[in-house]
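Let us walk through this structure.

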Amino acid sequence: MADQEEEQDNTGDQNHKPQDLPQVLVLKPPPVLSVIGEESFLSNKYQFLKAWESPLPLHQFLTAHAGSIQAILCSGAAPVTDDLLRLLPSVRLVVTASAGTNHIDLEACHRRGISVTNAGNVFSDDGADAAVGLLIDVLRKITASDRYVRQGLWVSEGDYPLGSKLRGKRVGIVGLGGIGLEVAKRLEAFGCNVLYTSRKKKTFLSYPFYSGVCQLAAHSDALIICCALTDQTRHMIDKDVFSALGKEGVIVNVGRGAIVDEKEMVRCLVHGEIAGAGLDVFENEPDVPKELFELDNVVLSPHRAVFTPESFMALCELVVGNLEAFFSNKPVLSPVMDV
Ligand SMILES: O=CC(=O)O
């Protein structure tokens, strides 16, 4: 506590006018703000320019500050495009309060010499817990049987159909980054056989590796999507993957909606060509295909897999740590790398 107070005394607030502090643009409030609160999240060592609070149209607001904005704090809610960066020639850092970076034009950042940081591993545990939770929910029909009981159907209709056992299932993990690795650890503890596909085989792991997602699906009872959305992974989970996964196969997605061909997934679920799905992410959030609402073998969650007050606290520290490292010319804490 004493350390914190000491830190706060050294913020420079008394010595610097706000206009002397490094300017950080925030385009839209990231989800973490509503939980942690602006005072705690937006460190007073920086001048945060909150674009959404300005009465000016965005373009005018950005032009007014074009020469002085040195960093952008963003989240999936507001894309960081090449056009935006063109307007802000002094930007040298983009900090995203998310694990995913698909809302950032990484190539443009690279070309312009802009560093990018993300949520690193702060969301890995919660994302993995949620992924395994969704899988168990689909297999054991937890949410569906909850509805059954609440609607009084246990009394009127009798026993609910049995779910299926998790132990012994072959679970294919798509993307063995921070979240995928934690999913693997949890599933091993549950007695599952873990397989995976990833951009590269991880030589330090003994789980069977498949270079293609179709082969992985053909050897899996369930697929868990944990990878990033990129040009290469957009609609990677397509008709062929669903057909390789088969009628008994389950899909869980905690990555990004667009990694899956959603129309095709809905078609396969409606026609019983796969057995079920646990979905935290969708192609056009917050719109969810209405057909899914009717299906008891589908568990839906509103893109909340990685968010807990605890992960937000850790995120808050990481964001501030990244800004501090960057503005004191030290290596940033969670650089976005080509993993
Ligand atoms: O989906 C959440 C994230 O990318 O952090």
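Cysteine 214 counts as partly exposed, with 30% relative accessibility; buried means under 20% relative accessible area, exposed over 50%, and partly exposed in between (1.4 Å probe, protein chains only). This is a predicted model: local features need pLDDT of at least 70, side-chain atom pairs count only at pLDDT 80 or more, and totals for chains, interfaces and linings use all residues. Residues are numbered from 1 along each chain as its sequence is written, and side-chain values use heavy atoms, with hydrogens and water left out.

How many disulfides are there? The count is zero, where a disulfide is a pair of cysteine sulfur atoms within 2.5 Å. Cysteine 214 is in no disulfide; its nearest cysteine sulfur belongs to cysteine 268, 12 Å away. Cysteine 192 is in none either; the nearest cysteine sulfur, that of cysteine 226, is 13 Å away. Cysteine 192 is buried, at 7% relative accessible area.

Now the ligand. Around it sit Ser98, Ala99, Gly100, Phe123, Arg256, His303 and Val306, each with a heavy atom within 4 Å of it. By class, this shell has three nonpolar, three polar and one charged residues. Here Ala, Val, Leu, Ile, Met, Phe, Trp, Tyr, Cys and Pro count as nonpolar, Asp, Glu, Lys and Arg as charged, and the others, Gly among them, as polar.

Which atoms face the ligand's oxygens? A polar backbone atom of alanine 99 is 2.6 Å from a ligand oxygen. Arginine 256 places a polar side-chain atom 2.7 Å from an oxygen atom of the ligand. For histidine 303, a side-chain N or O atom lies 2.6 Å from a ligand oxygen. Taken alone, the ligand exposes 200 Å², and the protein buries 92% of that (Shrake-Rupley method, 1.4 Å probe).

Key
Polar contact = N/O pair within 3.5 Å; in protein donor to acceptor, adjacent residues only side chain to side chain.
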